[in-house]
Amino acid sequence: APKGSESHLGKLRSNFLGSEFVAYGPGLNPAKLDKDAPLAAMENVREELAAISYTSTLWGKKPRGPRKMEIFLPFVNQRGERIKCKPFTEDEGLLVTARAGGQGRVESFQNKAPKWNDQIGAFVLNFNKRVTQASVKNFQLVSTDDSDTVYLQFGRIAKDSFTMDFRWPVSPFQAFAICLSSFDYKLCCE
């Protein structure tokens, strides 16, 4: 869908290495705003809805084992109101806020660490029969505060078919963007 249409929900953008992704809602790119733009134009700046960071597990000189994911989402209160994150510069945003502490403004999640299974010679997670095939893209997302509750799980069920399950406070758009980021080539992890 064209960027300006009502069917455009947002976009996912990555850095060159494929190690960091940001999901934006609809709106204006602040870099394209005129410095003398009226305050009303500032209100139309796009919102950051998710930030995803990938790192590799290094054993020796080569990446080995599952990738590590960190996900940062704007905080959602009990009434379902999301804190708006509308950065105007590169020195703002979810990644910067989270790395600076971000208490009460950013919720942090990470992929659940899989366990090594000697019988099959691979890392495994329990997807409760929702995921049926091994893939580097399979993951379960847990809060950094609660490693038992899965907020998002994604995994392969057939050659070109995947399943995605998510729960509050992750929105459908955020869940889709996080899962979509797992498909991109990650120079930092390969």
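This is a predicted model: local features need pLDDT of at least 70, side-chain atom pairs count only at pLDDT 80 or more; totals for chains, interfaces and linings use all residues.

Me: Let's begin with tyrosine 54: is it buried or exposed?

Reply: Burial is read from relative accessible area, and under 20% counts as buried. Tyrosine 54 has a relative accessible area of 1%, so it is buried. Phenylalanine 21 is buried too, at 3%.

Me: How many aromatic pairs does the structure hold?

Reply: There are six aromatic pairs. One of them joins phenylalanine 21 and tyrosine 54, with ring centres 5.9 Å apart. To name the geometry, look at the angle between the planes: over 60 degrees counts as edge-to-face. Here the planes are at 80°, so this pair is edge-to-face.

Me: Which parts of the chain does that pair tie together?

Reply: Find the element that holds each ring. Phenylalanine 21 belongs to strand E2 (residues 20-24), while tyrosine 54 belongs to strand E3 (residues 48-55). The pair therefore links parts that are 33 residues apart in sequence.

Me: Why is the pair of phenylalanine 139 and phenylalanine 154 called tilted?

Reply: Tilted covers the angles between stacked, under 30 degrees, and edge-to-face, over 60. These two rings have planes at 40° and centres 5.8 Å apart, so the pair is tilted. Phenylalanine 139 lies in strand E10 (residues 139-143) and phenylalanine 154 in strand E11 (residues 150-158), so parts 15 residues apart in sequence are tied together. Phenylalanine 139 is buried at 3% relative accessible area, and phenylalanine 154 is buried at 5%.

Me: Which residues form one aromatic cluster?

Reply: Pairs can be followed from ring to ring. Phe139, Phe154, Phe162 and Phe183 make up one cluster.

Me: Where does the charged end of arginine 46 sit?

Reply: For a charge and a ring, check the distance to the ring centre. The charged end of arginine 46 is over the ring of tyrosine 24, 3.7 Å from its centre. Arginine 167 likewise lies over the face of tyrosine 151, with 5.7 Å to the ring centre.

Me: What is serine 182 in contact with, leaving aside its neighbours within four places in sequence?

Reply: Its contacts are Tyr54, Arg67, Lys137, Phe139 and Phe154, so the list takes in three of the aromatic residues discussed above, Tyr54, Phe139 and Phe154. Serine 182 is in the segment after helix H3 (172-181), and counts as buried at 3% relative accessibility. Its side chain reaches the backbone oxygen of cysteine 179 at 2.7 Å.

Conventions: Residues are numbered from 1 along each chain as its sequence is written. Side-chain values use heavy atoms; hydrogens and water are left out. Rings of Phe, Tyr and Trp (its six-membered ring) pair if their centres lie within 6.5 Å; planes under 30 degrees apart count as stacked, over 60 as edge-to-face and the rest as tilted. Helices (H or I, at least four residues) and strands (E, at least two) are DSSP runs, numbered from the N terminus. Buried means under 20% relative accessible area, exposed over 50%, partly exposed in between (1.4 Å probe, protein chains only). A charge sits over a ring if NZ of Lys or CZ of Arg is within 6 Å of the ring centre and within 35 degrees of the ring normal. Contact means heavy atoms within 4.5 Å. A polar contact is a pair of N or O atoms within 3.5 Å; within protein, one must be able to donate a hydrogen and the other to accept it, and residues adjacent in sequence count only if both atoms are side-chain atoms.
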